Each structure stands twice: as C-alpha cells, then as structure tokens.
Amino acid sequence: MSDSPAPVLRAERLVKTHHGEGAPAHAVRGVDLRVRRGEFVAITGPSGAGKSTLLHLLGGLQRPDSGSLWLDGECTDDYTEARWAVERRKRIGIVFQFFNLVSNLSVADNVELPALLAGVSPRRARAEREELLAELGLTGKERSMPGELSGGEQQRVALARALVNHPPLLLADEPAGSLDSKGTREVTRLLTRFHGRGQTIVLVTHDARLASAADRVISFFDGRIADDAELDGAPARGAGTSGVLELRD
Ligand SMILES: Nc1ncnc2c1ncn2[C@@H]1O[C@H](COP(=O)(O)OP(=O)(O)OP(=O)(O)O)[C@@H](O)[C@H]1O
Ligand SMILES: [Mg+2]
C-alpha cells in the first residue's frame, strides 16, 4: 500500500548513554528499526528500559552517540538543531510523557502555535484547531489555561497540538500515562481513528489495552528490542536474530 519506497523512519544501530550524577545509564544499546507509512507501532517495556530515550532519538530531541537515522529516506546525521526543529514542525508530531503544554498560553493558543510557527495563516490555524478540539471532545475549553484542565484533558490538548500540522509521523510517549480507564479508552479511540486515516504512529505505553490497538508491538528491555511482533500473531521477520526489523515489504 506504500506509495514511497523509503520507510517513514529507519534507525540503524542507535546508541545513547546518559551521563548524569550516578553511573552512566545505557538507555539505548543498539536499536535497528523501520516503520512503514501508515503503520501503528506500540513500544512497551518496564520503567527505565529506555523507551522515552528511544522516542527522543527518533524525534531528534536527543542525538545518538552513534548510529544513524533516516526520515522518509533522508539521512538526518548531519542535521543541526535548527534543521531538526524545522523537520519536527513539518514532519513529526510529538506528544511528551509529561505533556509540555505552554502553561501561560490558552488551550487554543497551545494548539495553534505549531501551525503558526510553520507559517500557516492565522485563519487556517484557527480552523484546524477548532476541528481538532471538537474531534477530541474539547470544544468549550479553548480559552482555558492548561492548569485548569484535568490530566486527561491536558493529554488530549497535547495530542491536538502534535497533530495540528498533519505530521506524517506521530511520536507519542505514554499519551494515556495519567489517565483512568475511560480516558485511556478515549485516547485509544482517537489514535485508532487517526490511524484509520493513514496516520503513522509510534507510541510508547505501559497500557496493554492501548498497545493492543496497534498493528505491531515492540517489547523494549534494557535498551534493546527484545521482541517485535505483528499483533495478528505473525512473528516479525528477523526479530531476535539479525535485529533488523523490516516487515511486510
Ligand atoms: N537526562 C538523563 N540523565 C541521566 N540519566 C537519564 C536521563 N534520561 C534518562 N536517563 C536514564 O536512562 C534510562 C532510561 O530512561 P528512559 O526515560 O528512557 O526510560 P523509560 O523506559 O522511558 O522509563 P519510564 O517507563 O519510567 O518512562 C534510565 O536508567 C534513566 O534513569
Ligand atoms: Mg519514559
């Protein structure tokens, strides 16, 4: 079904070690990954496994110590921070584990901001924002400030903000992390709906129900891909052997 020969995302041998106060944390220890257009991939794994670090590498928010990353077939190794910022505006929507909404901007302004930064006209940004907020059940909250919203509402605003520029790739880190089961069902329904329209999604989640909405589930353990499986039960080609994960192409 792909109209492009290149995967949306391709990573080879990504490595990232954090050097903090304590011993170095080997968060990502050699990850090979390909994500095809339209695919919905869930990444699960225990706390501290390196899931957020991997997602940050995939979105250019952190740089790998070694390894390479391609977006739509284009190598990003020489991208500057400024170039990454432009690519994120155009190509990648990111939902952070802890929302990162701008606390002194209204819900409407939080959602419109990435569109305005990308050069979309104010009228168009407003129309996109109205449509997304309606779709996410947030009509009437436009003028609220993030601090006045529940955790679930903030998470949905973060999702709207990530999607406002129609990014080919959505990276979402625990988008239902602080939600109850109703909120989790809502986020699951939303992501499923966007996926149904062709949205490519890479999602980190602890939640088995949310993961089960994906086409493919990657188990991440101790900085590595421990398992990679299509959800219909078919084992992923190459998983656990070569470490190169390339499915159905
Ligand atoms: N900025 C940092 N400085 C130092 N160590 C870090 C930093 N960020 C992450 N780490 C360490 O890297 C490892 C992986 O962290 P990461 O946040 O990627 O895990 P995670 O799988 O997302 O966990 P969780 O499920 O709790 O969100 C952990 O040992 C963590 O302590
Ligand atoms: Mg995390």
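Before I go on, the housekeeping. This is a predicted model, so local features need pLDDT of at least 70 and side-chain atom pairs count only at pLDDT 80 or more, while totals for chains, interfaces and linings use all residues. Residues are numbered from 1 along each chain as its sequence is written, chains are lettered from A and ligands numbered from 1 in the order written, and side-chain values use heavy atoms, with hydrogens and water left out.

Back to D222. You'll find D222 in the loop between β9 and β10. The phi of D222 is near 50°, a positive value in a residue other than glycine.

F221 has R224 as its bridge partner in β10.

So which order do the strands take in the open sheet of six? Reading across, β6-β7-β8-β3-β9-β10, and the pairing is mixed. The edges are β6 (92–95) and β10 (224–230); each has a single partner strand, so one side of each is left without a neighbour in the sheet. On average, neighbouring strands of this sheet are turned by 15° against each other, direction ignored.

Now the helices on that sheet. α1 (residues 51–58) packs on it and touches β3 (40–44), β6, β7 (169–173), β8 (200–204) and β9; contact means heavy atoms within 4.5 Å. The direction of α1 makes about 155° with that of β7. On angles: axes are lines fitted to C-alpha atoms, for helices over the stretch in contact, and angles run from 0 to 180 degrees between N-to-C directions. α5 lies across β6 and β7, at about 170° to β6.

E174 sits in the loop between β7 and α6 (181–196), with a phi of about 50° although it is not a glycine. E174 is buried, at a relative accessible area of 5%.

Four strands form an open sheet in the order β2-β1-β4-β5, with antiparallel pairing. Here β2 and β5 (74–75) are the edges, each with a single partner strand, so one side of each is left without a neighbour in the sheet. The link between β4 and β5 is two bridges, and L71 stands opposite E74 in β5. α1 shows up here too: it packs on this sheet, touching β1, β2 and β4, at about 125° to β1. α2 (residues 81–91) also packs on the sheet, touching β4 and β5, at about 40° to β4.

β1 (residues 9–18) makes a hairpin with β2 (residues 25–35), with six residues between them, and the two pair antiparallel over eight bridges. β1 also pairs antiparallel with β4 (residues 66–71), over five bridges. V15 is a handy landmark: opposite it in β2 is R29, and its bridge partner in β4 is S66.

Last stop, a helix pair. How do α3 and α5 run, parallel or antiparallel? The axes of α3 (residues 107–117) and α5 (residues 151–163) come within 7 Å and cross at roughly 25°. α3 and α5 are therefore roughly parallel, since that class takes angles under 35 degrees, with over 145 roughly antiparallel, 65 to 115 roughly perpendicular and the rest oblique. The crossing is right-handed, as the near helix is turned clockwise from the far one by less than a right angle.

At the contact, V107, N110, V111 and P114 in α3 meet V157, A160 and R161 in α5. The residues there divide into five nonpolar, one polar and one charged, where Ala, Val, Leu, Ile, Met, Phe, Trp, Tyr, Cys and Pro count as nonpolar, Asp, Glu, Lys and Arg as charged, and the others, Gly among them, as polar.

V164 lies in the loop between α5 and β7 and is buried at 2% relative accessibility. V164 and P114 are 50 residues apart in sequence but 7.2 Å apart in space, C-alpha to C-alpha. Leaving aside neighbours within four places in sequence, V164 is in contact with V111, P114, A115, E128 and L132.

Terms used. Pairing = 2+ DSSP bridges. Buried < 20%, exposed > 50% of the residue type's maximum accessible area, 1.4 Å probe, protein only.
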